[in-house]
Amino acid sequence: MLKISLDKLGKLFEAISASQTLYIPTDREDGAAEYKKYESGMKLSNNLNTLRSAKDFFFPQTENLVDFKMEGKNIEVIDVREESEDFVIFGVRACDARSFTILDKVFLADPVDSYYKNRRDHGTVVTMACTRPAETCFCGTFGIDAAAPEGDAACYSDGESLFIEAHNEKGQKFIDSVASLLEEGDAAKLDEVREKTRDILKKLPLANLTTDNFGGDKLNEYFNSDKWGELSQSCLGCGTCTFVCPTCQCYDIKDFNTGHGIKRFRCWDSCMYSDFTKMAHGNPRLTQLERFRQRFMHKLVYFPANNNGEFGCVGCGRCLSKCPISMNIVKVMKALEVK
Amino acid sequence: MQEAMINRAKQLLADGSVDRVIGWKRGEFVYDITPAVFTSAEELDADFVYDDFTAANVSKYLVKESKKEGKILAFLKPCDTYSFNQLIKEHRIVRENIYVIGIPGGPKLDAERIKANGITGILGAKNDNGTLIIDTVYGEEKMPYYEALSVKCLNCKSKKHVVYDELIGEDGDILDSNRFDMVEKLENMTAQERYDFWREQLSKCIRCNACRNVCPACTCEKCVFDNPDSGVENKAATDSFEENMFHIIRAFHVAGRCTDCGECSRVCPQNIPLHLLNRKFIKDINSLYGDYQAGEDTTSRAPLNDYKQDDCEASIVHERGVE
């Protein structure tokens, strides 16, 4: 396996960014990490994960879909799509890497979302194995190995060197583009690093959480559960959980009148909001209980029902950290579970 | 304290004085505490918690809870009692359906501030004479207790309960806080520096509405920004300044009613210091109309709802705006 000394990371970033746009997680003034376009001298964050998820790269919070221009009785339809440039996202964690697979099931299924596909085709995902998972991590619940992340290429750090391994053609192309900086490394040391991380993962407080009692066939067990009232009781109805979630994929499409034309845009929507899926007759989910239930039923029952058993959560733990009232999918799973 | 609260709540439930209790429920970790309503002694024994991490203000929940049948016991920290009073003043809660027990307040801790210090895998945390000792998956960690305080507790304005039916513990005093220091610092910046400061902070907004939804001063049945018929409802910004305007407009809307409880900044997932906008209004109201603390009482007329002949003239805006 190829490797590069950690003190040469800057050189690696320079080399990548010379040929395409590179995004890396970097620390903000408040200590939180966020993906930023790499500029010379920028330091890779030591945080476990970014505050916002990496889904923004493929499914941005807002984007224009099409413009309309009115002249007299004619309406001109303007396609605003542009071919994306090639870009690299470096340092994606195993949970976020899996979230792309989940988003793909939604956006790349027929009919293909060309806006999403455009960015997906041009993006190379370079993941980074975790070595210090947090108490809020439960990716293992969804069969994700934080010590061996997916992605086009994966990186592993043993504290001295960064090992890089390609998973597909795109990843190999990425490695080839920086090959002159890499040297041959002894992969045996890596197994040690992975085992150490896996030992920590086993000791995490949520290590024993399983999806055994959830899935596409559990609609009747949970839909009318009397637990929803208690679980949703304190929910503020804000969109924090949905907006920091790497797998939440619901959006709204609206027209914006610019005064001399229409911009049709889409933006993230949240099932927690009172006007979510509002139709001509009104809103199908009248109270926060129903909106709250929708979010968790979608992740634990409806999504697996439509996607060969795959759950709509990757256990990244962002909602556990960020919910203003600390209500989250882990508490929901534990409270609901009928064995 | 927690034990005294549970015991008193059980008594009041048992003798029929109240049929529900609003407080805080234990989570998966030491810090992830959820506001909750309890209806039985068993539930209280199992899950009721009051400790360093119970920062949430439960006053706003009483808008809904006090309209239900029966009587609810609410445990209020000093800062929460100001929100409670303001809600009474605005006729948003039904006072006779609530039994208020004043409890000692913070300072409370914020796990996000611990994590910002690079401490991860948090399993436990306790204060040892100003040092926070944190038990983690990776062994014991230490940090100054002060650095882990919730942003809402950094400049506590009062340890005094402005309303209660009974107290557990002793009442405190209104404090001589330094809560306007940062506002003054911002005022002393040049217009450009101040603009840059707020642009950087407010541009982090992800429009989750947590600040609005947690705010005890934001109790409109239907917010204009949630109403598709309003013409201003939007889940996306039409330009990069819209998020900025949203927060400024919201601060205007709660001016003179904001008690400075700090919940907006506590819940912001992007760590935007939203409370500073509200404090600027509070400071200006104090200097233009005389000292006023929203929520201190339930009857006085708020400066912005009142007219006095010696009120400042509108030209004050121009005079103060000159650099």
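**View 1. The open five-stranded sheet of chain B in the predicted model.** In this predicted model, chain B holds an open sheet of five strands with mixed pairing, and the strand order is β2-β1-β3-β4-β8. Strands β2 (34–38) and β8 (166–167) of chain B form the edges, since each of them pairs on one side only. Helix α1 (residues 2–14) of chain B packs on this sheet and touches β1 (20–25), β3 (72–76) and β4 of chain B. The direction of helix α1(B) makes about 160° with that of β3(B).

**View 2. Pairing of strands β4 and β8 in chain B.** Strand β4 (residues 98–102) of chain B runs parallel to β8(B), and two bridges join them. Within this pair, Ile101(B) stands opposite Glu166(B) of β8(B). Strands of a sheet pair through backbone hydrogen bonds, in either a parallel or an antiparallel sense.

**View 3. The largest nonpolar core, seen around Ala74(B).** The largest nonpolar core comprises 161 residues, of which Cys139(A) and Ala74(B) touch the most other members. The element that gives the most to this core is helix α2 (residues 94–107) of chain A, with seven residues. When neighbours within four places in sequence are left aside, the contacts of Ala74(B) are Ile22(B), Val58(B), Leu62(B), Ile98(B) and Val100(B). In soluble globular proteins, nonpolar side chains tend to be buried together.

**View 4. Strand β9 of chain A and its two partners.** Strand β9 (residues 161–166) of chain A is mostly covered, with five of its six residues buried. Strand β1 (residues 2–5) of chain A pairs with β9(A) in the antiparallel sense over four bridges; here Leu2(A) has Ile164(A) as its bridge partner. Strand β8 (residues 153–157) of chain A is also antiparallel to β9(A), to which five bridges join it.

**View 5. The hairpin turn between β8 and β9 of chain A.** Strands β8(A) and β9(A) form a hairpin, and three residues lie between them. Gly159(A), located in the turn, has a positive phi of about 95°.

View 6. In chain A, the peptide bond joining Asp110(A) and Pro111(A) is cis, with omega about 0°. Pro111(A) is placed in the loop between α2 and α3 (114–122) of chain A. In chain B, a cis peptide bond leads from Gly106(B) to Pro107(B), and its omega is near 10°. The loop that holds Pro107(B) lies between β4 and α5 (111–115) of chain B.

**View 7. Positive phi at Thr277(A).** Thr277(A) is not a glycine, yet its phi is positive, at about 55°. This residue belongs to the loop between β12 (262–268) and α9 (288–306) of chain A. Because 14 other C-beta atoms lie within 10 Å, Thr277(A) is classed as partly exposed.

**View 8. Positive phi at Asn308(A).** Asn308(A) likewise is not a glycine and has a positive phi, of about 50°. The loop between α9 and α10 (318–322) of chain A contains Asn308(A). Asn308(A) has 8 C-beta neighbours inside 10 Å and therefore counts as exposed, the limit for that class being 12 or fewer.

Conventions: Residues are numbered from 1 along each chain as its sequence is written. Chains are lettered from A and ligands numbered from 1 in the order in which they are written. This is a predicted model: local features need pLDDT of at least 70, side-chain atom pairs count only at pLDDT 80 or more; totals for chains, interfaces and linings use all residues. A nonpolar core is a set of buried Ala, Val, Leu, Ile, Met, Phe, Trp, Tyr and Cys residues joined through C-beta atoms within 7 Å. A residue is buried if 20 or more other C-beta atoms lie within 10 Å of its own, exposed if 12 or fewer, and partly exposed in between; C-beta atoms are placed from the backbone. Two residues are in contact if their C-beta atoms, placed from the backbone, lie within 7 Å. Two strands pair if DSSP finds at least two bridges between them. Axes are lines fitted to C-alpha atoms, for helices over the stretch in contact, and angles run from 0 to 180 degrees between N-to-C directions.
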